[in-house]
Structures are given as structure tokens and as C-alpha cells.
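Here are my notes on the model you sent over, point by point. Have the structure open while you read.

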There are 2 protein chains.
Amino acid sequence: MGYGGAMGRWAPDAAIRLERAALELFAEQGYADTTVPQIAARAGLTTRTYFRHFADKRDVLFLREREFPTVVSAVLADAPDGLTPVDLVMHGFDAVARDGFDAWREAVRARRRIIRSDAHLRERELLKSSALAGAIEGVLVEHGLEARDAALLSSFGVLVFDAALDDWLEGPSDRPLHEVLRETRERLDRLTG
Amino acid sequence: MGYGGAMGRWAPDAAIRLERAALELFAEQGYADTTVPQIAARAGLTTRTYFRHFADKRDVLFLREREFPTVVSAVLADAPDGLTPVDLVMHGFDAVARDGFDAWREAVRARRRIIRSDAHLRERELLKSSALAGAIEGVLVEHGLEARDAALLSSFGVLVFDAALDDWLEGPSDRPLHEVLRETRERLDRLTG
DNA sequence: GTAGCCCATGACACGTCGTGCCATCAGGAG
DNA sequence: CTCCTGATGGCACGACGTGTCATGGGCTAC
């Protein structure tokens, strides 16, 4: 059965339960063969309630990214003064890489495995990356950077971070993400001369 | 009525007619308020036939991009020898920019206007950019580049090209795309130090 | 020319997705 | 105790996308 048995009716973690149910079902039987009513039932909720917490079937995989804009603002606000724009951005990713990823490597891997299994999910992942770039771009503009430079630089940062994340997830488990991030940046610099 | 009146039943341009009908309807009443049956009817076809030519409602806006992988192979095969990988990629985009865009600026603008109006379309555009990067990555790997370098470099190229396309579409109409492309690359190089 | 194959299209049924609308019900404020 | 707030249940509905079979025009073979 679901997780709904022992908890009060208005358990405050409905979104979390739905996310867990979805991750399980997607891993068990694939994304395409899982229906929203199945997810809702396993979480002890109804279909209608699922769509109150998530915009669509794909969105449940990106619950964790909802706080990204807030995190971005906080991290970039903590950056030391006097950094060049690109160092400011990379400092932000470095801080996030040191802080919140190495402990969750297997969870991130499992999630990525599902996303890679279906083009619709890959599509949504790209939109989320774009949204993250947009948030960074906003901070850069607030710091006085010209709009086109901010757009270019935030996309550059997300590109490096995503590539580093891929390397990190495929490589040995004891390699810290922030190291991979630095190496990826150096590799791209070398490639682009 | 539609375009179906004067032409034979098996007109070979069903996809083109559907694309034209969709562009008109999206411009007239918006993407969200247009249904697939409406598009099919204006093209003189049925809904079922629409879905034989396009995977879904969004796909009709990306008909022109189907030839991209072929174009990429052709353009990169024509590149002079001895280029560094990054110059090879940028040479490809430069060739495309000189060749096929400046004459279609208004058409590209109209299409972009529609895509920017709906997040689902923006999402699909990102997937198409990713697919283009994948095609370039494949060519680079064939040329002997290491896989991670190829992925990084193809994404870099697409990033620069997309940013240049944005600048070009927003700027004065007599500015050739290949110039904007060069300037965008220089701007990013300057920003990333 | 006509018999027969090929294949794009038409037509229908169906499951799933996502939303609008109203009813229900727990808990806090007074 | 009553009222109010807010999350959830339940239902109906339109749109999306696919499986399946029928239709009919164009083409080749003979």
C-alpha cells in the first residue's frame, strides 16, 4: 500500500511523498509506463492532489530544484568582493559543489538515470538548467553587468557545471565535485584557447 | 478555408502545409489556444495525419531543423584541414551564418516570437539545441577528439551561436549574422578571461 | 488497359493528461 | 460553539497522442 496509513490527513509532506512514490515507480516500471493515478495512489493521495503540487507528470522529478533561485541569491550574496563576473559565477558553483552534492551522489545518480531514460524528461531538465541560468543572470544584472554579458556568462557557468556533474557521476565515487568542476573549467579553457 | 482546395489528394507537401497553417494559427490566436484539429483542418488534412508528420503539437515549429544533422556533417566535412577543434566548430557555425540565415531574418523572428510566448515551446527549442550539440559532438568524436572534450566543445559552440542569434534578431536588420557571431565569441572570451 | 501492389490518408476508439468547479473536512481564531 | 481558512476528494470535460483498420489514388507489370 501507500504511505498514507499512519499519518494524519493533512500531512505536510504531500509533495515529498509524491516524489518518493514517483521515483520508485519510475525505477520499477519506467517513466512512460507509469501513470499519475499510480503515483498518487502509492502516496495515499488522489490524482487531483498530485496536480496541485506539480504542474505535470515530469515536474515531480524536479522538486529539489525549486529552491535553486533562493540558493543562488544566498550563495552569490556571500561571495567576496572584488571578483570578476566569471569568478563570481564559478565561486557560486564551487560553493554549491562543496556543500550539497557529495553526500547525495547516489540519489542524484538514480534521478539522473531516470531522466536519461526519456527524452521528455531530458527536455525538462534542460528547461530547469535554463531557469537556473536565468536566476544567475538576474543576480549579475543587479550587480551592474550588462544584460547580454550576464546572459552569456550565466549560460557559460551552467554549461561548465552540468558537464562537471556528468563527469562526477560517471567517475569514481571518492572524487569531490568541486575538484571536477575546477578541472572541467580548465579543460574548456584549454579547448577554447 | 484551407489550402486543400486546388491540389491533388497526395500533395507531397503535407508537412509544409501543416507548418504554414500552424504558424498562422499560433500568430493569430496563440499557441495554447490553438488545437491540433484546427491546424489540420486549415491544412486540409485530418488530426491523425498531423500526428504522422509531427510527433506532437510542438514539433511542427521545428520542421526546418530536421536537416540540421545532415547540414552539420556536410559543413564540417568542407572545413579546411589543420584547424583546432574549437576553430572547426566555429568555422561550421560561421559557414551556416553566412549561408542560410540573413535572407530569412523575418521568418526566423516570427518563429522565435511564437517560441518565446510559451514555456513548452522554449523547452522544445532547448532540446533541439541539445540535439544539434549532439550531432556536432559526434563529428568531433569521429575526428578523434576525446568524448568529454567533444561534449564540452559542442555545447560551447551552440551556446555562442544561440546567443549570437538572439543579438542578431534584436539588433539592426543590416547586421550580418556571421559578424555578430564573431563578436559574441570575442565577448565571451573577454568575459571568461 | 487492367490487375494488383504500395502507401499516404481517413476514420474511429481509446487511454492518459491536465484543469475547472464544487463539496468535504480538519484545525485555529474569536 | 461558530466561523473561517486551506488542503484534499470527487467529478466532468476538453485536448493530446496512439493503435488499428478501411479507403483510394498512383504506380508497375504484363
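1. By class, the surface near DNA strand C is made up of six nonpolar, four polar and six charged residues. Nonpolar here covers Ala, Val, Leu, Ile, Met, Phe, Trp, Tyr, Cys and Pro; charged is Asp, Glu, Lys and Arg; the others, Gly among them, are polar. "Near" is used for a residue whose C-beta atom, placed from the backbone, lies within 6 Å of the strand.

2. A word on what you're looking at. This is a predicted model, in which local features need pLDDT of at least 70 and side-chain atom pairs count only at pLDDT 80 or more, while totals for chains, interfaces and linings use all residues. Residues are numbered from 1 along each chain as its sequence is written, and chains are lettered from A and ligands numbered from 1 in the order in which they are written.

3. Which residues come nearest to DNA strand C? Of the 16 around it, they are A:Asp56, A:Lys57, B:Ala14, B:Thr46 and B:Thr49. Helix H3 (47–53) of chain A and helix H3 (47–53) of chain B each supply at least two residues of this surface. H3(B) has the largest share, three residues. Helices are DSSP runs of H or I with at least four residues, strands are runs of E with at least two, and both are numbered from the N terminus.

4. Now the protein–protein side. 24 residues of chain B are in contact with 24 residues of chain A, where contact puts the two C-beta atoms, placed from the backbone, within 7 Å. On chain B, helices H5 (85–100), H7 (119–142), H8 (147–170) and H9 (177–191) each supply at least two residues of the side touching chain A. H8(B) gives the most, with 10 residues. Sorted by class, that side of chain B has 12 nonpolar, five polar and seven charged residues.

5. How do the two copies relate? A rotation of 180° with 0.0 Å of shift along its axis superposes chain B on chain A, at an RMSD of 0.0 Å. The two copies are thus related as by a two-fold rotation axis. The same surface serves both: 100% of the contact residues of chain B recur in chain A.

6. On to chain A by itself. Chain A has nine helices and zero strands, and its C-alpha trace spans about 55 × 35 × 25 Å along the principal axes. Among contacts in chain A with a separation of 6 or more, 58% are between residues 24 or more positions apart.

7. Chain A is assigned domain 1 (14–55) and domain 2 (61–191); such bounds come from an automatic or database domain assignment. The C-alpha centres of these two domains of chain A lie 27 Å apart. Seven residues of domain 1 are in contact with six of domain 2. The domain 1 side has five nonpolar, one polar and one charged residues.

8. Is A:Ala21 buried or exposed? A:Ala21 is buried, because 23 other C-beta atoms lie within 10 Å. Leaving out residues up to four places away in sequence, A:Ala21 touches A:Ile39, A:Arg42 and A:Ala43.

How values were computed:
Buried ≥ 20, exposed ≤ 12 C-beta atoms within 10 Å, placed from the backbone. Least-squares fit on C-alpha atoms with pLDDT ≥ 70 in both.
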